[in-house]
Amino acid sequence: MPEGDTIFRAARTLDRALAGRTVIRFDSVFSQLTRVGETVAICGRTIERVDARGKHLLIWFSGDLVLRTHMRMHGSWHIYRPGERWQRPHADMRIVIATNEYEAVAFSVPVAELTSARDLERAAPVRDLGPDILANQFDAAEVVRRIEAMPDAEIGDALLDQRVIAGIGNIFKSESLFAARVNPFARIGELSRADVERVVDAARRLMRASAIRRPARSAVYGRAGRPCRRCGAVISRRAQGEHARVTYWCARCQPVSPKPRSGDEANSRTI
Ligand SMILES: [Zn+2]
């Protein structure tokens, strides 16, 4: 599933191609986007901007209209010049937004909704999103508070809960926990605040870097059975949580009960 960094890059590419342009053609297989007789005709509107909120991609049109899409497992947006051959089958087409300069095509996108700015903020799922890991204004303390509010949950599961923190998916779950040296299966109540803060800081640092540049090579994700880049131990892999999302970790770098590395950290656990 694409994560926040992928959606962020897709939104930036779409924004560069579409912002400020007028829609000359709009097609969709989704009847809720093309209903006849409603006042939501998109043709003729200006695309104001494209941005991302967590894993949701938002296309803002003039006249207070927002198209929200979510990629789930296989969805993607492509940009083409008019008449250019698509790289995916026409049968996978879900939405086309054409301007004089570009065609934006959504393939296999399962979730699409037209709404207003106000309704977007007031309705699920955007209303319920936790702080966006990639937002310029990021409230790390609020994320730590939300994580610590679920002491019985495993930290690996909590990072995927979009109501706790928006934008993290399976890759950066594993990568962030490795970078922070925290075991993915540790109960949050067993972790110190410093542990949780390190995980949140690592997630933001790694995902911001990936959103701005190309994705870096992974440290643990997809590397089961291969040597840890830090210590040489074999990387482990196991399904985690009710959705059986695969988690990768190094049992030596990320022990179940990490030893406090300083007196300060030991003291912080007793607060
Ligand atoms: Zn290791």
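Begin at the zinc ion, whose donors are spaced along the chain as C-x2-C-x18-C-x2-C. The model is predicted. Select Cys228, Cys231, Cys250 and Cys253: the SG atom of each coordinates the zinc ion, at 2.3 to 2.4 Å. With the four donor atoms displayed, the angles among them run from 100 to 113 degrees, and the site is tetrahedral. For reference, the ideal angle for four tetrahedral donors is 109.5 degrees.

Remain at the site and colour by accessibility. Is cysteine 228 buried or exposed? Cysteine 228 counts as buried because its relative accessibility is 5%, and buried means under 20%. Cysteine 231 has a relative accessibility of 26% and therefore counts as partly exposed.

Next, display the surface and locate the largest pocket, which has a volume of about 640 Å³. Its lining comprises 21 residues; to find the centre, select Leu160, Asp161, Gln162, His243 and Arg245, the lining residues closest to it. Then highlight α5, the element that gives the most to this lining, with three residues. Colouring the lining of the largest pocket by class shows eight charged, seven nonpolar and six polar residues.

From α5 (155–160), move to helix α4, whose buried residues pack against α5 and also against α7 (193–212). Select residues 140–148 to show the whole of α4, then pick out its buried residues, Glu142, Val143, Val144 and Ile147. When viewing down the axis, recall that an α-helix has 3.6 residues a turn, so residues three or four places apart point the same way.

Terms used:
Residues are numbered from 1 along each chain as its sequence is written. This is a predicted model: local features need pLDDT of at least 70, side-chain atom pairs count only at pLDDT 80 or more; totals for chains, interfaces and linings use all residues. Side-chain values use heavy atoms; hydrogens and water are left out. Buried means under 20% relative accessible area, exposed over 50%, partly exposed in between (1.4 Å probe, protein chains only). Helices (H or I, at least four residues) and strands (E, at least two) are DSSP runs, numbered from the N terminus. Contact means heavy atoms within 4.5 Å. Donors are N, O and S atoms within 2.8 Å of the metal (3.2 Å for Na, K and Ca); water is not among the atoms, so sites may look incomplete. Four donors count as tetrahedral if all angles lie between 85 and 135 degrees; four count as square planar and six as octahedral if opposite donors are over 155 degrees apart and all others between 65 and 115; anything else is irregular. On a 1 Å grid over the protein atoms alone, a cavity is a set of points where a 1.4 Å probe fits but cannot get out, and a pocket is an open set with protein on both sides within 12 Å along at least five of seven lines; lining residues have an atom within 4 Å of a point. Grid points are joined across faces, edges and corners, and a volume is the space filled by probe spheres set on the points. Ala, Val, Leu, Ile, Met, Phe, Trp, Tyr, Cys and Pro count as nonpolar, Asp, Glu, Lys and Arg as charged, and the others, Gly among them, as polar.
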